[in-house]
Amino acid sequence: MTSHVSFPKGLWNLGNTCFLNACLQCLMHIPALKEVLQRSPVDDPKELDYEQAIFPFFQCLCNEVMATSANVVVPDDMLGALKHVSPALLEDPLPQQDAQEYLLRLIDCMSKDPQNGMFIGDLFGGVYCSELKCCQCSYFSPTYISFWDLSLAVNKDSDIDSTLSAFLASEAL
């Protein structure tokens, strides 16, 4: 008896877009995002400015991936839109890029979507409070800092708890 396993469809590499494709495929498989993509009406991305159109272009790409029987989908509309909002990331010829740079720009643009921007911010963003206290007069000043990602010092012997503890530790200035 042979069982058939359904594998996710791939995205066609349009030059040097493996970094882009990896980010898009990861995003497509986040359960909360997938649910919003499926239940939200699809705006016509061509009627929006490019930054606001990234979410609908992504939504169209996801719908195409789900609907096609082909093993691979060409993300050319998504790439075209991204060239408008991030020309430096997607120059011709396409340079090798850091997936993190692309992912941060993609999430930032998706957060500008009129219908789903708040959801994107809640899903991917965060806020931490940096507190400054004067050792002489005890003056206390909190600063709230929004972020899409945190730069954490990770080494081979650390785990997530110790890494976050080190990031959040008090220090004397």
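In this presentation, a residue is called exposed when its relative accessible area is over 50%, buried when that value is under 20%, and partly exposed in between. With those terms in place, C135 counts as exposed because its relative accessibility is 74%. Please keep in mind throughout that the structure before you is a predicted model.

Let me remain with the cysteines for a moment. How many disulfides does a search of the whole structure find? The search returns zero. For C135, the closest cysteine sulfur belongs to C134, and the two sulfurs are 6.5 Å apart, which is too far for a bond. A disulfide would require the pair of sulfur atoms to be within 2.5 Å. C18 gives a second example: the closest cysteine sulfur is in C23, at 10.0 Å, and that distance is also too far for a bond.

I turn next to the salt bridges. A search of the whole structure finds three of them.

E51 itself is partly exposed, with a relative accessible area of 26%.

R105 also meets D108 in a salt bridge, with 3.1 Å from N to O. Here both residues lie in helix α5, three residues apart, which is about one turn of the helix. D108 has a relative accessible area of 21% and is therefore partly exposed.

D108 in turn meets the side chain of K112 in a salt bridge, again described by an N to O distance of 3.1 Å. K112 is partly exposed as well, at 31% relative accessible area. Taken together, E51, R105, D108 and K112 are linked in a network of salt bridges.

R105 has a further partner to mention. Its side chain is joined to that of S86 by a polar contact of 2.9 Å. Where is S86 found? S86 sits in the loop between α4, residues 76-85, and α5, residues 99-110. Is S86 buried or exposed? At 8% relative accessibility, S86 counts as buried.

Let us now move to the strands. Strand β3, residues 126-133, and strand β4, residues 140-147, run antiparallel and are joined by eight bridges. Two positions illustrate the pairing. V127 stands opposite S146 in β4, and the bridge partner of Y128 in β4 is I145.

The hairpin of β3 and β4 has six residues between the strands. Which residue in this hairpin takes a positive phi? The residue is S138, with a phi near 65 degrees. S138 has this positive phi although it is not a glycine. S138 is found in the loop between β3 and β4, and its relative accessibility of 45% means that it counts as partly exposed.

The largest pocket has a volume of about 550 Å³. Of the 16 residues that line this pocket, the closest to its centre are S130, E131, A169, S170 and E171. The elements that give two or more residues to the lining are β3 and α7, the latter covering residues 160-168. Which element supplies the largest share of the lining? That element is β3, with six residues.

To close, I return to two points. Strand β3 pairs with β4 and also gives the largest share of the lining of the largest pocket. Thank you for your attention.

Notes: Residues numbered from 1 in each chain as written. Predicted model: local features only at pLDDT ≥ 70, side-chain atom pairs only at ≥ 80, totals over all residues. Heavy atoms only, no water. Helix = DSSP H or I, 4+ residues; strand = E, 2+ residues; numbered from the N terminus. Buried < 20%, exposed > 50% of the residue type's maximum accessible area, 1.4 Å probe, protein only. Polar contact = N/O pair within 3.5 Å; in protein donor to acceptor, adjacent residues only side chain to side chain. Pairing = 2+ DSSP bridges. Salt bridge = Lys/Arg side-chain N within 4 Å of Asp/Glu carboxyl O. 1 Å grid on protein atoms, 1.4 Å probe; cavity = no way out; pocket = protein on both sides within 12 Å on 5 of 7 lines; lining within 4 Å. Points joined across faces, edges and corners; volume = space filled by probe spheres on them.
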